[in-house]
Amino acid sequence: MDYDDLPHVYFYTVDVSFKKGKTTYDRTVKLVTKCRTPGEVMRDPISMERIRKVVYAKKYKGQKHVMVRRMY
């Protein structure tokens, strides 16, 4: 099997801002993704769903607003 055709996978620590009600919170999340910039992560539905699962509780019924601030 040839591994040259597979995309690179990156492990990042990501600073995330999210809203619950009218309050904004900041949190640090560890993320494995194929994306290299915060903008790419925000456009990638798989990465954003992983972040939402970590940040919000399973039974949370409100709107889920998440913004990736920084990746390192």
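This is a predicted model: local features need pLDDT of at least 70, side-chain atom pairs count only at pLDDT 80 or more; totals for chains, interfaces and linings use all residues.
Which side chain does a polar contact of 2.9 Å join to that of Ser47?

Residues are numbered from 1 along each chain as its sequence is written, and side-chain values use heavy atoms, with hydrogens and water left out.

Okay, the overall picture. The protein chain has two helices and three strands, in the order β-β-α-α-β from the N terminus. Those are DSSP runs: helices are H or I with at least four residues, strands are E with at least two, numbered from the N terminus. The C-alpha trace spans about 50 × 25 × 15 Å along its principal axes. Of the 72 residues, 29% are buried, meaning under 20% relative accessible area with a 1.4 Å probe, protein chains only.

Now back to the opening question. The partner is Thr33: its side chain and that of Ser47 make the 2.9 Å polar contact. By polar contact I mean a pair of N or O atoms within 3.5 Å; within protein, one must be able to donate a hydrogen and the other to accept it, and residues adjacent in sequence count only if both atoms are side-chain atoms.

Thr33 sits in strand E2, residues 23–33. Is Thr33 buried or exposed? Buried, because its relative accessible area is 3%. Leaving out residues up to four places away in sequence, Thr33 touches His8, Val9, Tyr10, Tyr12, Asp44 and Ser47, where touching means heavy atoms within 4.5 Å.

Key. Buried means under 20% relative accessible area, exposed over 50%, partly exposed in between (1.4 Å probe, protein chains only).
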